[in-house]
Structures are given as C-alpha cells and as structure tokens.
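These are my notebook entries on a structure that I am opening for the first time. I keep them in the order in which I looked things up.

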Amino acid sequence: MHFADGEVPAAYRRHIGLKVVFIGGCCTALALALVTAISLGAAQVPMLDVAKSLLGMATTARFDAIVWNIRLPQALASIVAGAGLSVSGAAMQSILRNPLGSPFTLGISHAAAFGAAFSVMILGGGMMTSSMVSSITITNPLATTAAAFAFSLSAAGVIIAVSRLRGATPEVMVLTGVALGALFTAGTMFLQFFADDVQLAAIVFWTFGDTARASWQELGIITAATVAASIYFLAHGWSYNAIDAGDETAKGLGVRVERVRMVGMLIASALTAVIISFLGVIGFVGLVVPHMVRRVIGSDHRFLLPASIVGGGLLLLVSDTAARLILAPHVLPVSVLTAFMGAPVFIWLIIRGRGGR
C-alpha cells in the first residue's frame, strides 16, 4: 500500500499521542484519588480543606493533623509501593519473557515472609503491643525489616547464581524462583508450627501487607529506591523492547542480553525487597497491573513502564482506600483486598486470551 508524504508520520503521531493521553489521564486520576483518599475515613475531611492543607494554605489544626500525620503518609506509601511493585513486575515479565513474571511468583515475597518469621522466632521480635483496635506493633521492627530484606535479596541472589551456572535463560530463572518460593513457604510453616500464640500472631500480622506501617522516614527510603529503580528501567526500555523480539534479535541489535537480564533481575528484586520489608507482603500488584496496562497501550516499554508506574500507584491507592472503608471501623489489610481483586482480574485476562505477551 502506498502512503502519501506525511501520512505515515501523522498516523504514528496519533498512535503515540493516544498513549501519552492515557498516561496523562492516569496521572490526573491519581491526583484526584490522592485527595479523595485523604478526605475519606472515620473523620471526614472536606476535599477543599485537604487541597488547602496540601498546598500549605490556612485550615484548621485538626484537619492538618489528620492530613499530614495520619492519612498522607499512608496514601503516599500506597502510591510509591504500587508503583515500585508494578514497574518491577513489568520489567521481570520482559526480562524473563514470561507473563507470570513478578516478585510474588518468583518467591521473593515468600523469602521476605520467612525472614520476618525468622526474626520473630529466633531474634526475639515476637512480643507485640496493641495500642488500638487492629493495631499491632512488633517490638523489634528494625531486626524484622532487616531480616525480611536480607532473605529477599538472598532469594534473588540464588536465582541469579543458578542462572549464571546454567546460563541466564528465562526458564531457569522462573523454575528456580518457583522452587525457592516453595522452599521458603515450607520454612515459614515450620517456624509457625513451633511458635507460641504471641509469636504466631506476630508472624501472621507481619505478612499482611499494610501501608499504614510506613513512617515518613521509611517512606523516604521506599521512595528513593523506587525512583532510582524506575529511572534505570525507563533508561533501558529500548533494550527490553529488543529482548521481546527474541534473544538473538536483541544481540544482533547490540543488546548485552545476559547482562541486561541479570542486572534487571537484581534491581527489581532489591526494590521489591525494600518495599516488602517495610510494608509486608502485597501480592498481585506487580503481576496484574502490567497486563492491564499492556492491553490498553501495547508492549512498547517506552510507554508500558511509565504507565505501569502510574497505574500501579493508582490501583494500590484505590485498594488501600477501599480497605480502610469497606469494614469500617475495622481496617482490612490492603494485601487481602489486592488478592481478592487481582486473582479474578488475572483469570479474566487469561480467558480473554490477553494474559500472554
């Protein structure tokens, strides 16, 4: 088919413009969801007052305290964690050329849960205090966080080490991750079997992902890790596009496939480890969001990665807000809601034939 001069570039510009509009629309929806999330709760704060408080304008001391001390850290933690888990999942799915690639399915989350259980049982972090209904604080959170982080990275290290021994193929990475997930799950169950009531409760409540745990300092660490990893992934979007076409094609285009695969896995695993070690296990976000976004804007990682970042933040923020309200005054852990939402959505995507790449 013959195209007149300028016709193909114009069509391409429209094609790209639609993707940009979609990402911009998600950013707008995220901003509105942030104000709405802060407004809703046991104590209602008018959205206008929320906006004034966020912009530093005069409002009541009570509203400022609710916004800045309680709801804003939790809302921002939801956005940052969702963004980090989603971009890690999108990168892993490309690196592994597998639609099931995500931190949750590769056993990294299971390793973090084992690390937390190990800290509670062996390092003495299992005593709990409850200052309010549904509020549980592990008395040694630093050790628990450090243990969860260390075991998450150790799982990633084993995956990468086995891949280097057998060749950095996607199949080897996926199978190693599945085996490690089963191993760490068995280890967690073993520790739970010997735990007393208090230790068992501490282990179980830690595994429930909860964005309300994050303080401003912890939020800063999670944000720094998410921003750094996202910049790396965005800078290598072209390489991931090349890998999608096949390893041989990517090598022919000058991409160092094994290096990109190894470094990408390490960074995605480290980012996931940081998020999970502070907030607990939050599943399905890194698996489902990239698939949902891919259905709308395609597999071009120049747009898929930023859309996954914004979409992941939006999904987890909306889920966290719903979890706070659905059983009020009781607070449902957001990880429970994401699992309830994520599993049916993912099954629906598979049935529709869009679950693959």
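**Salt bridges and their surroundings**

I began with E258, which at 38% relative accessibility counts as partly exposed. The model I am reading is a predicted one, and I keep that in mind for every entry. The side chain of E258 meets that of K251 in a salt bridge, with 3.2 Å from N to O. K251 is likewise listed as partly exposed, at 37% relative accessibility.

How many salt bridges does the count come to? I found three. In one of them R261 pairs with D247, and the closest N and O atoms are 3.1 Å apart. This pair links distant parts of the chain, since R261 sits in helix α11 and D247 in helix α10 (residues 247-252), 14 residues apart. Is R261 buried or exposed? R261 is buried, with a relative accessible area of 1%.

I also looked up D300 and R302, whose side chains meet in a salt bridge at 2.6 Å from N to O. D300 has 19% relative accessibility and therefore counts as buried, because the cut-off for buried is under 20%. R302, at 44%, counts as partly exposed.

Next I turned to D320, which has its place in helix α13 (residues 301-326). D320 is buried yet has no salt bridge, and the nearest side chain of opposite charge, that of R324, is 4.2 Å away. What I did find for the side chain of D320 is a polar contact of 3.4 Å with the side chain of S78. Setting aside neighbours within four places in sequence, I noted that D320 is in contact with Q74, S78, T211 and V334.

**The chain as a whole**

I then stepped back to the protein chain, which has 14 helices and two strands. Of its 357 residues, 49% are buried. Among contacts between residues at least 6 apart in sequence, 74% join residues at least 24 apart.

I went on to the second largest pocket, which has a volume of about 330 Å³. This pocket is lined by 18 residues, of which F104, H110, A113, T207 and V281 are the closest to its centre. Two or more lining residues come from each of α4 (108-122), α6 (170-194), α7 (197-207) and α14 (334-351). Which element gives the largest share of this lining? I noted α6, with five residues.

**One backbone angle**

My last entry concerns F284, which lies in the loop between α11 and α12. Most residues other than glycine have a negative phi. The phi of F284 is near 75°, a positive value in a residue other than glycine. I also noted that F284 counts as partly exposed, at 22% relative accessibility.

Methods. Residues are numbered from 1 along each chain as its sequence is written. This is a predicted model: local features need pLDDT of at least 70, side-chain atom pairs count only at pLDDT 80 or more; totals for chains, interfaces and linings use all residues. Side-chain values use heavy atoms; hydrogens and water are left out. Helices (H or I, at least four residues) and strands (E, at least two) are DSSP runs, numbered from the N terminus. Buried means under 20% relative accessible area, exposed over 50%, partly exposed in between (1.4 Å probe, protein chains only). Lys and Arg count as positive and Asp and Glu as negative; His and the chain ends are not counted. A salt bridge is a side-chain nitrogen of Lys or Arg within 4 Å of a carboxyl oxygen of Asp or Glu. A polar contact is a pair of N or O atoms within 3.5 Å; within protein, one must be able to donate a hydrogen and the other to accept it, and residues adjacent in sequence count only if both atoms are side-chain atoms. Contact means heavy atoms within 4.5 Å. On a 1 Å grid over the protein atoms alone, a cavity is a set of points where a 1.4 Å probe fits but cannot get out, and a pocket is an open set with protein on both sides within 12 Å along at least five of seven lines; lining residues have an atom within 4 Å of a point. Grid points are joined across faces, edges and corners, and a volume is the space filled by probe spheres set on the points.
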